[in-house]
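The following exercises are to be worked through with the structure in view. Each task is followed by a solution in steps.

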Amino acid sequence: DDYWATINGDISWLDTSSITDGTNMFRDTTINIDFEIAWVDISSITNAEWMFYGSEFNEDFSNVDASSVTNANYMFARMVLDNDINNLDLSSVISVDYLFHRSTINGTISNWDISSLTDGSRMFASGTYDNYGAIINSSLAGLDFSAITNMTSMFREATIDQDISWW
């Protein structure tokens with residue numbers, strides 16, 4: 001199924017504070033307005049699977065409370081992330097399959113709290129039938145991978161344009 005949508009109007013009135021499942025919420029959406037993702041309250045969302053997949057907006061995620069998210073599978077897949085996503089709180093996340101599949105990461109993610117993450121498999125990887133992993137132009141130096149026990153295919157087909165000798 002195709003989910004393409006275009007938003008041209010003000011959505012600051014949108015009350016998402018009681019939503020717990022954000023699956024596909026902004027999937028393949030183009031937002032053509034002065035939009036701040038901080039307006040969208042995702043603090044109650046536990047399932048953010050495919051939430052921003054393929055979306056064409058490049059917002060500052062620094063004030064977004066994602067601390068309840070446990071499932072982040074494909075959350076930022078097929079996106080170009082240039083702005084600040086460094087302070088996104090993912091402290092409850094336990095599933096990150098293809099989180100950055102086919103994405104370009106230019107914004108910093110080194111301060112992410114992924115302390116609950118035990119399975120990092122395929123986090124930056126390509127899919128089964130393509131060769132397009134994440135392109136990582138941002139430092140990963142501050143990420144705490146110490147709780148991760150499964151890193152199967154974590155960086156499969158990914159391009160890392162940073163020094164990872166600290167690892």
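**Exercise 1.** Does Arg122 count as buried, partly exposed or exposed, and what is its relative accessibility?

*Solution.* The model is a predicted one.
Step 1. Recall the cut-offs: buried means under 20% relative accessible area, exposed means over 50%, and partly exposed lies in between.
Step 2. The relative accessibility of Arg122 is 23%, so Arg122 counts as partly exposed.
Step 3. Locate the residue: Arg122 sits in the loop between β4 and β5.
Step 4. Examine the backbone: Arg122 is not a glycine, yet its phi is positive, at about 65°.

**Exercise 2.** Ser153 is also a residue other than glycine with a positive phi; state the value, the place and the exposure of Ser153.

*Solution.* Step 1. The phi of Ser153 is near 55°.
Step 1. Ser153 belongs to the loop between β5 and β6.
Step 2. The relative accessible area of Ser153 is 29%, and Ser153 is therefore partly exposed.

**Exercise 3.** Describe the secondary structure of the chain and the arrangement of its open sheet.

*Solution.* Step 1. Count the elements: the chain has 6 strands and 0 helices.
Step 1. Read from the N terminus, the elements follow one another as β-β-β-β-β-β.
Step 2. Four of these strands are placed in an open sheet, in the order β3-β4-β5-β6, and the pairing is parallel.
Step 3. Identify the edges: β3 and β6 are the edge strands, because each pairs on one side only.
Step 4. Take one pair in detail. Strand β4 (residues 104-105) and strand β5 (residues 135-136) run parallel and are joined by 2 bridges. Within this pair, Thr104 stands opposite Ile135 of β5.

**Exercise 4.** How many salt bridges does the structure hold, and which residues are joined into one network?

*Solution.* Step 1. The structure holds 3 salt bridges.
Step 1. Begin with Asp28. The side chain of Asp28 forms a salt bridge with that of Arg27, with an N to O distance of 3.6 Å. Both of these residues are buried.
Step 2. The side chain of Asp28 also meets that of Arg78 in a salt bridge, at 3.4 Å from N to O. Asp28 lies in the loop between β1 (5-7) and β2, and Arg78 in the loop between β2 and β3, so this pair ties together parts that are 50 residues apart in sequence.
Step 3. Compare the exposure of the two partners. Asp28 counts as buried because its relative accessibility is 7%, whereas Arg78, at 35%, is partly exposed.
Step 4. Turn to the remaining pair. Asp97 forms a salt bridge with Arg122, and the closest N and O atoms are 2.9 Å apart. This pair links distant parts of the chain, 25 residues apart: Asp97 is in the loop between β3 and β4, and Arg122 is in the loop between β4 and β5.

**Exercise 5.** Where is Asn73 found, is Asn73 buried or exposed, and which residues does Asn73 touch?

*Solution.* Step 1. Asn73 is found in the loop between β2 (29-31) and β3 (80-81).
Step 1. With a relative accessible area of 10%, Asn73 is buried.
Step 2. Leaving aside residues up to four places away in sequence, Asn73 touches Ala48, Glu49, Trp50, Ser95, Val96 and Asp97.

**Exercise 6.** Characterise the chain as a whole by its burial, its contacts and its surface.

*Solution.* Step 1. The chain has 167 residues, of which 46% count as buried.
Step 1. Consider contacts between residues at least 6 apart in sequence: 69% of them join residues at least 24 apart.
Step 2. The accessible surface amounts to about 7800 Å², and 41% of this belongs to carbon and sulfur atoms.

Notes:
Residues are numbered from 1 along each chain as its sequence is written. This is a predicted model: local features need pLDDT of at least 70, side-chain atom pairs count only at pLDDT 80 or more; totals for chains, interfaces and linings use all residues. Side-chain values use heavy atoms; hydrogens and water are left out. Helices (H or I, at least four residues) and strands (E, at least two) are DSSP runs, numbered from the N terminus. Buried means under 20% relative accessible area, exposed over 50%, partly exposed in between (1.4 Å probe, protein chains only). Contact means heavy atoms within 4.5 Å. Accessible areas come from the Shrake-Rupley method with a 1.4 Å probe; for residues, only the protein chains shown count as cover. A salt bridge is a side-chain nitrogen of Lys or Arg within 4 Å of a carboxyl oxygen of Asp or Glu.
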